[in-house]
Amino acid sequence: MDNEIYSPGLEGVVAGETAVSTLAGGLQYRGYPIEELATHSTFEETAYLLLYGELPNVAELDGFRSRLGAAANVCPQILEILRQIPAATPCMDVLRTCVSLLGHWDPDAQDTSHAANLRKAERLLAQLPVLLAAHWRHCQQLPLVPPDAQRGLADNLLWMLHGEPPSPRAARALDVSLILYAEHEYNASTFAARVVASTLSDLHSAVTAAVGALKGPLHGGANEHVLSILQAAGSPEQAEAWVRGELAARRRIMGFGHRVYKQSDPRAEYLKVLCRDLAEETGNSSLEAIAETIERVVRREKNLPPNLDWPSARIYHYLKLPVALYTPLFVLSRVAGWCAHIIEQQANNRLIRPRSRYIGRQTRSWVPLVDR
Ligand code: ACO
């Protein structure tokens, strides 16, 4: 191939344009630094910003919230199918199925117009938390807690999972983590979504592919491993020897390293402070001390910074959320970013179809079956 450009894992390759977010000079969604959004905004406002390009005014936010509230009434057939799924199925697989199922009942399923994509994105944002909570409560043999349209998305999710109203601090901590998880330009799952969208397939198909990509432990799945790392490290005193042993054995410490951020992940930096406060408040200071030791050693030995999964998994633990839900929580947030990218891709589409470098056998001749 003439002018062949090859970068394994597409590292450093600019694979397309986007106006949704940038990592240049700090992470920004539609021009707003994530630190400002995490300090002042809510997840709903952030999702609106990602989908529509601008922060909502009061009337727009009211309209958005009431549409989300109405869409949260998931059709009973889907809840019935959900009950048939074996309880041991990983929640990420369940969510992947849910996205696909929701497409079957969505009135705009095959309509790929801009307006229909926005309507479908809003419905997914509203429906996935309800289905995740319903599945979890069903597996725990607990009665379903219906969504409460008066609550924000994070508040409502904690309510539907735990069956009791969360403290404002708990709801806010989850909300901030959802804001920080919502978007990250051409990461693996978003790229998967854009590849599917570029064939002019439908939004539910593209989001289904993205959920599959996010599940992997090198991407979103990493947050489900963070707690077992902290537990395996034992105590603040034992943590240094433990992590040195892991690194010497060339095992990866999940929650560290990033394809783009080599010095620090601004999302992890922001969440670290909130995480520390929440740990103190919930009697988890010892776990924070283990985390700090691991962070110090991994930086010193490998020069690797923690990524967003490192503090967010701890926050979810302090909020008493089950580990099996950590990556699904990432989905509930990132679906906003995925949909913004799918809409952007289809608004100015070019089929994503790269080339490969062939490393197989040279040309050879057919051998009849009896001679092989
Ligand atoms: N623990 C130990 N060593 C690591 C880690 C880690 N978490 N991450 C990278 N390294 C090491 C590699 O072993 C390699 O070392 P070597 O050069 O001595 O062989 C070097 O750092 C470079 O690693 P690569 O895999 O080439 O770096 P890449 O940019 O491809 O990796 C990735 C990015 C996949 C995220 C990697 O850092 C990783 O596996 N991290 C753990 C999984 C994780 O936390 N994923 C979440 C990503 S962020 C998110 O999805 C929100």
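The largest cavity of this structure, which is a predicted model, holds about 40 Å³ of space, and the structure contains one cavity of 30 Å³ or more. Its lining is made up of Ala268, Glu269, Lys272, Glu295, Pro306, Trp310, Pro311 and Arg314. Helix H13 (266-281) and helix H15 (309-318) each contribute at least two residues to that lining.

A second topic is the aromatic rings, for which the count comes to seven pairs. In the pair formed by Tyr48 and Tyr52, the ring centres are 4.4 Å apart and the planes stand at 20 degrees, so this pair is stacked. Tyr48 and Tyr52 are four residues apart in helix H2 (residues 43-52), and therefore about one helical turn separates them. Tyr48 also pairs with Phe64, and here the centres are 5.3 Å apart while the planes stand at 85 degrees, so the pair is edge-to-face. Because Tyr48 lies in helix H2 and Phe64 in helix H3 (residues 58-71), this pair ties together parts that are 16 residues apart in sequence. Through such ring pairs, Tyr48, Tyr52 and Phe64 are linked into a cluster.

The cysteines deserve a separate look, since a search of the whole structure finds zero disulfides, a disulfide being a pair of cysteine sulfur atoms within 2.5 Å. For Cys75, the closest cysteine sulfur is that of Cys98, and because the two sulfurs are 11 Å apart, they are too far from each other for a bond. The sulfur of Cys339 likewise has its closest cysteine sulfur in Cys98, at 15 Å, which is too far for a bond.

Finally, the structure includes an open sheet of three strands, arranged in the order E1-E2-E3 with antiparallel pairing. Strand E1 (21-22) and strand E3 (32-33) are the edge strands, each of which pairs on one side only. Strand E1 and strand E2 (residues 28-29) run antiparallel and are joined by two bridges, and Ser21 stands opposite Tyr29 in E2.

Terms used
Residues are numbered from 1 along each chain as its sequence is written. This is a predicted model: local features need pLDDT of at least 70, side-chain atom pairs count only at pLDDT 80 or more; totals for chains, interfaces and linings use all residues. Side-chain values use heavy atoms; hydrogens and water are left out. On a 1 Å grid over the protein atoms alone, a cavity is a set of points where a 1.4 Å probe fits but cannot get out, and a pocket is an open set with protein on both sides within 12 Å along at least five of seven lines; lining residues have an atom within 4 Å of a point. Grid points are joined across faces, edges and corners, and a volume is the space filled by probe spheres set on the points. Two strands pair if DSSP finds at least two bridges between them. Rings of Phe, Tyr and Trp (its six-membered ring) pair if their centres lie within 6.5 Å; planes under 30 degrees apart count as stacked, over 60 as edge-to-face and the rest as tilted.
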